[in-house]
Number of protein chains: 2
Amino acid sequence: MQPLPATAAAVPGSGSAFEFDVATSVTTLAEGRFTGEIQAGWDIGGNANGGYVLALACRALREVSGKPDPVTVTAHYLAPGPPGPVEITTQVVKIGKRFSTVSGSVVKDGRPMLQLLGAFGDQTGGTAERLHQAGGPPELPPLDECAPRNAMNGMVAVPLMERIDVRLHPDDAGFQDGVRNGRGEVRGWFAFADGRPIDTLGLLLAADGLPPAVFNLDLPQGWVPTVELTVHVRGVPAPGPVRCRFTTRFVQGDSFEEDGEVWDSQGRLVALSRQLALIARG
Amino acid sequence: MQPLPATAAAVPGSGSAFEFDVATSVTTLAEGRFTGEIQAGWDIGGNANGGYVLALACRALREVSGKPDPVTVTAHYLAPGPPGPVEITTQVVKIGKRFSTVSGSVVKDGRPMLQLLGAFGDQTGGTAERLHQAGGPPELPPLDECAPRNAMNGMVAVPLMERIDVRLHPDDAGFQDGVRNGRGEVRGWFAFADGRPIDTLGLLLAADGLPPAVFNLDLPQGWVPTVELTVHVRGVPAPGPVRCRFTTRFVQGDSFEEDGEVWDSQGRLVALSRQLALIARG
């Protein structure tokens, strides 16, 4: 964890100048209503990363939930997200002792962009007692032997990769140079580029932070719009980068699922994700 | 497909007297508002099955979506569901050309019971072109060599099992007599007891229709409340029973995920499900 930069005061009240905290900050407009901003630099080819927008929205939902952590959050993606201000409206469904349930919407330029439903709670200690574990973290070479995500020969600009430090398993990274491994799998390390610790909000970004696993299949490559993304946060990550595994088993018609696992530095599962997405139209 | 019984007229306007259609019928109260009824007989120990309540609610959501099939639906379970009338309120988020997004809530006796968010579309032909398939349907003995779900030595009443015809893989059914297989897996056939064809609404029931996979682990057995269930409908099933596989890989603290696959008689994947649930407290 690096010391806070001197510009911490730039985010009123947040006490943090880590890029992710600045880019997901929200301001209360009225009870349950917030403004935020999709910041430039968290995009892939001009459209904000789905995990980033999810985290931005969940800052607001989490606040009204009164609980510290997302437990299971679902977002439906209704429109792409170029940079600019957004309004986030939340509705408390139920404040429970253990879980609080909140729905919400993100509107940009008057159009619905994201619709959300989430349960929030306290995930501290969620990974403490592992009663059953079938499978473990992906085996990854050390960080410096993995492959940074690149711009795929200039095919697409990925400014997001300056915000996060993603290192791919060498066996899964060849697609960046046109060599697909034929398995619908992408494994790699995930961390924030500026050393921000990965908390449960950061896991929402990690859950959509690697290149799509379908890029390793013999299919048209391009923008793969997410229809819906659900993330189960299973625990608070221990310090350090997390290891991720994303797999796509079934591509039918033009739709596919991508399943994700996020593991912390102690070898504990901290998030499971699944999204329904569409393959690029050739 | 059996011929419609003579009592079809008992469900005004539905044209069907199959039990599932009767038990999920909803009546419009006002624009976007419906009444329905949690019918007795779809429960496990007095509480309605989560897939049944999801299907009941999605009858209303589907109606306002103007589309024939659920594509991806998420439900948060806020309270148990004994039989009785419910009110379902829907809000259209977006009517799109391909997908329409609707949120909704089920209120029973003045208390929130279920909160939903779903996308609806036309899934006809969704399974037509299989571009990538890693994995296949579970290998199951013929129906009559599988084990019907029983009442687990009278431990719990499962009236639901008179509505649906579930036949478990013999290797996964021993838990019913106290012999757990130690793998977090339950595989089996699913059909409606009265021969109703399994459409995409029926898949929502199938996605929660088998006994929990955790019953095959050495953990306390009892009610395993669902926190959240998401179902991706990937295609319209071909006629005949479907084959299901449910697995739980990670039980941490008292929470676990259960992942489901539903395969039709043509060997096509027609649904993927995932739920976050809690293990019984000793």
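How many residues of chain A are in contact with chain B? In this predicted model, 55 residues of chain A are in contact with 55 residues of chain B.

**View 1. The interface between chain A and chain B buries about 4700 Å².** Carbon and sulfur atoms give 57% of this area. In chain A, the residues that lose the most area to chain B are A:His132, A:Gln252 and A:Arg274. Together these three account for 16% of what that side buries.

**View 2. Salt bridges and polar contacts run across the interface of chain A and chain B.** Six salt bridges are found between the two chains. A:Arg249 and B:Glu261 meet through their side chains in a salt bridge, with 2.7 Å from N to O. On the side of chain A that touches chain B, several strands give two or more residues, among them S5 (69-77), S6 (84-95), S8 (111-121) and S13 (226-233). Strand S17 (269-278) is also one of these elements. With seven residues, S17(A) gives the most to that side.

**View 3. A:Thr230 lies in strand S13 of chain A.** Is A:Thr230 buried or exposed? A:Thr230 has a relative accessible area of 5%, and buried means under 20%, so this residue counts as buried. Its side chain makes a polar contact of 2.4 Å with the side chain of A:Glu228. Leaving aside residues up to four places away in sequence, A:Thr230 touches residues of chain A including A:Thr72, A:Val73, A:Thr74, A:Leu272, A:Ser273 and A:Arg274. From chain B, A:Thr230 touches B:Thr74, B:Glu228 and B:Thr230. One of the residues touched, A:Arg274, is also among those of chain A that lose the most area to chain B.

**View 4. Helix H2 of chain A spans residues 50-65.** H2(A) has 16 residues and reaches 22 Å from its first C-alpha to its last, close to the 22 Å expected. At A:Cys58 the helix bends by about 25 degrees. The rest of the structure largely encloses H2(A), because 13 of its 16 residues are buried.

Definitions and conventions:
Residues numbered from 1 in each chain as written. Chains lettered and ligands numbered in written order. Predicted model: local features only at pLDDT ≥ 70, side-chain atom pairs only at ≥ 80, totals over all residues. Heavy atoms only, no water. Helix = DSSP H or I, 4+ residues; strand = E, 2+ residues; numbered from the N terminus. Expected span 1.5 Å × (residues − 1). Bend = angle between axes of the 7 residues up to and from the residue. Buried < 20%, exposed > 50% of the residue type's maximum accessible area, 1.4 Å probe, protein only. Contact = heavy atoms within 4.5 Å. Buried area = accessible area lost by both parts, 1.4 Å probe. Salt bridge = Lys/Arg side-chain N within 4 Å of Asp/Glu carboxyl O. Polar contact = N/O pair within 3.5 Å; in protein donor to acceptor, adjacent residues only side chain to side chain.
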